[in-house]
Amino acid sequence: MKKYLIAGNWKMNMGGADGLQLAMRLAENTGIKERYRAEMLICPPAILLKEVAFITADSGVLLGGQDCHEGEAGAHTGDISASMLSYAGCSYVILGHSERRQDHGETSRLVNLKANRAHQSGLKTIICVGETFEEREEGKEKEVIAAQLAESLPDNATAENTVIAYEPIWAIGTGKVATLDDILDMHSFIRSEIKEKIADYEDCRILYGGSVKPTNAAEIMDIHDVDGVLVGGASLDAESFAAIAGSC
Ligand code: PGA
């Protein structure tokens, strides 16, 4: 049976003692593997990864990076390679988050190169796609998502090493959530779109992200083809993140 993935993206928050405390609270919540039908993953700021890896070791909480470079090593000031994330204890990396696409001009082509490298380094990737409010208003959301998927997914993507996260940009951090029908429609569209690239596409996990919280997590994860959630704001509180993990 497919295990749900509950991923917490801390973004540029909780980078000090507060982050260590949050990791401790989550790690204390022992027996996660047995209690939840889910894998719980946290993606703290890179500066905290090694310390959090010590805190979460043996707890069942998995660790991920928020981005990586497409190269293996070299003169890339300020960047982190996939193998460095792996060395720090990560098993996942988020790629192509809309904040990176917008703030850093990341293209789907670049996301493809990063994902290819991450897979070669043994990391699993969470590849994010999502449309803007204007694109949805114009009825172009499927066109946009199809193009992002076609360009972002590398040739070495499999259901084992790749997770897709559908995050409508207008729902991120806004408190607005796509309707259950829209999520159902988009997730089944994504499932059919990845057929070309991922042979075992039926086993590929597709997450929903955008204002997920304990009060809406259960109904979202009940939707067919929703295999977990990518959580920003609500992952910064141990109780609410654990409650979301317990909703599937
Ligand atoms: P949010 O963020 O849960 O705060 O809306 C989701 C995300 O950016 O992954």
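The crossing of helices α6 and α8 is right-handed in this predicted model. Helix α10 likewise passes helix α11 in a right-handed crossing. The two pairs are described below by geometry and by the residues that form each contact.

**Helices α6 and α8**

- Helix α6 spans residues 108-120 and helix α8 spans residues 141-152; they pack at an angle of about 40°, with their axes 7 Å apart.
- On the α6 side, the contact is made by S108, R109, V111 and N112, and on the α8 side by Q148, E151 and S152.
- By class, the residues of the contact of α6 with α8 comprise one nonpolar, four polar and two charged.

**Helices α10 and α11**

- Helix α10 covers residues 214-221 and helix α11 covers residues 238-245; their axes come within 8 Å and cross at roughly 20°.
- Because angles under 35 degrees count as roughly parallel, α10 and α11 are assigned that relation to each other.
- P214, A217 and M221 of α10 meet S240, A243 and I244 of α11.
- The contact of α10 with α11 has five nonpolar residues and one polar residue, with no charged residues.

**Contact composition by pair**

- Charged residues number two in the contact of α6 with α8, whereas the contact of α10 with α11 has none.
- Nonpolar residues number one in the contact of α6 with α8 and five in that of α10 with α11.

Methods:
Residues are numbered from 1 along each chain as its sequence is written. This is a predicted model: local features need pLDDT of at least 70, side-chain atom pairs count only at pLDDT 80 or more; totals for chains, interfaces and linings use all residues. Side-chain values use heavy atoms; hydrogens and water are left out. Axes are lines fitted to C-alpha atoms, for helices over the stretch in contact, and angles run from 0 to 180 degrees between N-to-C directions. Helices (H or I, at least four residues) and strands (E, at least two) are DSSP runs, numbered from the N terminus. A crossing is left-handed if the near helix is turned anticlockwise from the far one by less than a right angle, and right-handed if clockwise. Contact means heavy atoms within 4.5 Å. Ala, Val, Leu, Ile, Met, Phe, Trp, Tyr, Cys and Pro count as nonpolar, Asp, Glu, Lys and Arg as charged, and the others, Gly among them, as polar. Angles under 35 degrees count as roughly parallel, over 145 as roughly antiparallel, 65 to 115 as roughly perpendicular and the rest as oblique.
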